Amino acid sequence: MRSKTWYRRSFSAEEATITAAQSSTQEQIEQLRDKGYVVVPRFIPADGLAQLNEAARAQLTARAEPLEFEADLQYPGAPASRAAAGGETVRRLLDAYARDPVFARWGTAPTLRRWMEGYFGEAALMSRVHHNCMMTKHPRYGSLTGWHRDIRYWSFEREDLVSVWLALGKEEIDNGALWLVPGSHRMAFAADRFDEAKFFRDDRADNTEIIRTAESPRLAPGDAVFFHCTTLHSAGKNLSDAVKFSLVYSYHGRSNAPQGGTRSASKAAVELR
């Protein structure tokens, strides 16, 4: 009888934990819908964080293709060419999903699947084309990222995708953290508010008024930022003396297919199971 009572108490406690987690996730989803982004503290536990950091540093040391270099993008503060000082600075370790099993494991983790299914209201898929990378922001040669919406080069039936930014170390203004404009995912902008590269122009008074409302959440190691594909965001330079690592993936609902013949459809997405 004692054993049966203990079992019932344990089961009830487990149910309460699951219910609390579901409630917390729903609150986070509502904040994303309202604000365009939400910070989820301690999304990655300590053991997972250690594995991710070890893999990230090993992959950067190995410099295995595919890679993206700062010099190739020519963002503000980037080296002028690969031959210039800092020209071989890596910006992204591309195709993180196929690069290391630990990256793939976290990109398709059950916690992410439940979160995305809660947001989309259907089965979710991870894009192999968009983001799917380990961001590496280096001291000195890590460039600025201008204000933009991720959807600028993405082609889907609906502009409704969510990206997840997983911080492997602390992220703050001094080491090039994200800046996001709350509510910007609901704003409509004429094409002339963006430049030819589809960056949000900071030389217009109406744009700068919006940029002034931006927030830069301070992230602890293991924190996650979920943000909508139309949320305006940017990132500064890394003024610290250490490389900053962030694992970034993007997701969409099953019914929101990439448009045929576009880059978004060039690789099959990964089902979250």
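In what order do the three strands of the open sheet stand, and is the pairing parallel or antiparallel? I found the order E6-E10-E8, with antiparallel pairing. Strand E6 (145-148) and strand E8 (178-180) are at the edges with a single partner strand each, so one side of each has no neighbour in the sheet. From one strand to the next the twist averages 15°, taken between lines fitted to C-alpha atoms in the N-to-C direction, on a scale from 0 to 180 degrees. I noted that strands are DSSP runs of E with at least two residues, numbered from the N terminus, and that two strands pair if DSSP finds at least two bridges between them. E8 and strand E10 (residues 233-235) have three bridges, and Trp179 stands opposite Ser234 in E10.

A word on ground rules. This is a predicted model, where local features need pLDDT of at least 70, side-chain atom pairs count only at pLDDT 80 or more, and totals for chains, interfaces and linings use all residues. Residues are numbered from 1 along each chain as its sequence is written, and side-chain values use heavy atoms, with hydrogens and water left out.

Next, confidence. pLDDT is the predictor's confidence in each residue, from 0 to 100; the chain averages 92, and 92% of the residues score at least 70. Residues 1-20 stay under 50, and there the model has zero contacts beyond four places in sequence (contact means heavy atoms within 4.5 Å).

Then I checked strand E7 (residues 161-167). Seven of its seven residues are buried, meaning under 20% relative accessible area with a 1.4 Å probe, protein chains only. Leu161, Ser163, Trp165 and Ala167 lie on one side, and Val162, Val164 and Leu166 on the other. E7 runs antiparallel to strand E11 (residues 244-253), with seven bridges, and Leu166 has Leu247 as its bridge partner there. Five bridges join E7 to strand E9 (residues 224-228), also antiparallel, with Trp165 opposite Val225.

Last, His130. I located His130 in the loop between strand E4 (124-126) and strand E5 (133-137). Is His130 buried or exposed? His130 counts as buried, because its relative accessibility is 1%. Its side chain makes a polar contact with the side chain of Ser264 at 2.7 Å; within protein, that term needs a pair of N or O atoms within 3.5 Å, one able to donate a hydrogen and the other to accept it, and residues adjacent in sequence count only if both atoms are side-chain atoms.

Technical notes: Helices (H or I, at least four residues) and strands (E, at least two) are DSSP runs, numbered from the N terminus. Buried means under 20% relative accessible area, exposed over 50%, partly exposed in between (1.4 Å probe, protein chains only).
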